[in-house]
Amino acid sequence: MRLVLVGPPGAGKGTQAQFLAAHYSIPHIATGDIFRSNLKAGTSLGLEAKSFMDRGELVPDSVTNEMVKTRLLQDDLGNGFLLDGFPRNVLQAEVLRANLAEKLTPLTAVLELSIDNDEIITRLSSRRTCKECGLPTVNKEKCPNCGGDVYQREDDKVEVISRRLEVYQEQTAPIISFYRNEGLLITVSASGNVEEITMRAISALNRVS
Ligand code: ADP
Ligand code: ZN
């Protein structure tokens, strides 16, 4: 299963990605997580990404495409992979397509999580993120997954959320039609509880893979 997950910030990509990756035994590759762990480790990649991330803008394509290309060369992709947060614009989608075509491993499907704008803002502004495992939670104190401390991501502050939504509409939403034209798009509603959405996603994916 070679899967891309798309949807606006707050649609629950990270949460669903975790369950889907476990279900299909494939690595969860989240570009946002890779940037954040580089930032935490103080690498030059992290420093390069920081100012863009803090403003809710996309990190430049040259940086992001190279980083994903390197990740896709690792040898843990025998069962496939789940990309979360990449591609985020049409150029990235084209680079990914070319990169996978070269290896004769085209995408199996693109799963779109769809959700209303009002719900996004509520979800993101109350979201916290675990400092240890990186998973999102609504818990304001401790991570329910690993017990680590939680914090509010710089880009989950109200001022930055609206910019992220604009960036999504302007730059990321066009990849939905790109993938629809490729015949790869599957859309499921991202409202409801976490288990419900996972079930919806798995049954939709089982029809195509
Ligand atoms: P979200 O909750 O918005 O899905 P992510 O954790 O996926 O957040 O991404 C956080 C930030 O990391 C983005 O706002 C952007 O600055 C940067 N980023 C992540 N993936 C990409 C990408 N594919 N291209 C450019 N920038 C990216
Ligand atoms: Zn945790």
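## L39 and helix α2

L39 lies in helix α2, where helices are DSSP runs of H or I with at least four residues, strands are E runs of at least two, and both are numbered from the N terminus. This is a predicted model in which local features need pLDDT of at least 70, side-chain atom pairs count only at pLDDT 80 or more, and totals for chains, interfaces and linings use all residues. Residues are numbered from 1 along each chain as its sequence is written, and side-chain values use heavy atoms, with hydrogens and water left out.

With a relative accessible area of 29%, L39 is partly exposed; this class lies between buried, under 20%, and exposed, over 50% (1.4 Å probe, protein chains only). Leaving aside residues up to four places away in sequence, L39 touches G46, L47 and K50, a contact being heavy atoms within 4.5 Å.

## Second largest pocket

Helix α2 also gives the largest share of the lining of the second largest pocket, 5 residues. A pocket is an open set of points on a 1 Å grid over the protein atoms alone, where a 1.4 Å probe fits and protein lies on both sides within 12 Å along at least five of seven lines; lining residues have an atom within 4 Å of a point. The volume, about 450 Å³, is the space filled by probe spheres set on the points.

Of the 18 lining residues, R36, S37, K40, Y151 and R153 are the closest to the centre. Two or more residues each come from α2 (31-41), α3 (44-55) and β5 (128-130). The lining divides into 5 nonpolar, 3 polar and 10 charged residues, with Asp, Glu, Lys and Arg counted as charged.

## Nonpolar cores

The largest nonpolar core has 26 residues, of which L3, L20, Y24, L82, L111 and L205 touch the most other members. Such a core is a set of buried Ala, Val, Leu, Ile, Met, Phe, Trp, Tyr and Cys residues joined through side-chain atoms within 4.5 Å. Its largest share, 5 residues, comes from α9.

Beyond four places in sequence, L111 touches L3, V4, L5, V6, L20, I186, V188 and A201. A second, separate core of 21 residues includes V4, F81, A93 and L96.

## Aromatic pair

The count comes to 1 aromatic pair, with ring centres required to lie within 6.5 Å. The rings of F178 and Y179 have centres 5.1 Å apart and planes at 85°, so the pair is edge-to-face; planes under 30 degrees apart count as stacked, over 60 as edge-to-face and the rest as tilted. Both F178 and Y179 are buried.

Technical notes
Chains lettered and ligands numbered in written order. Phe/Tyr/Trp six-rings, centres within 6.5 Å; stacked < 30°, edge-to-face > 60°.
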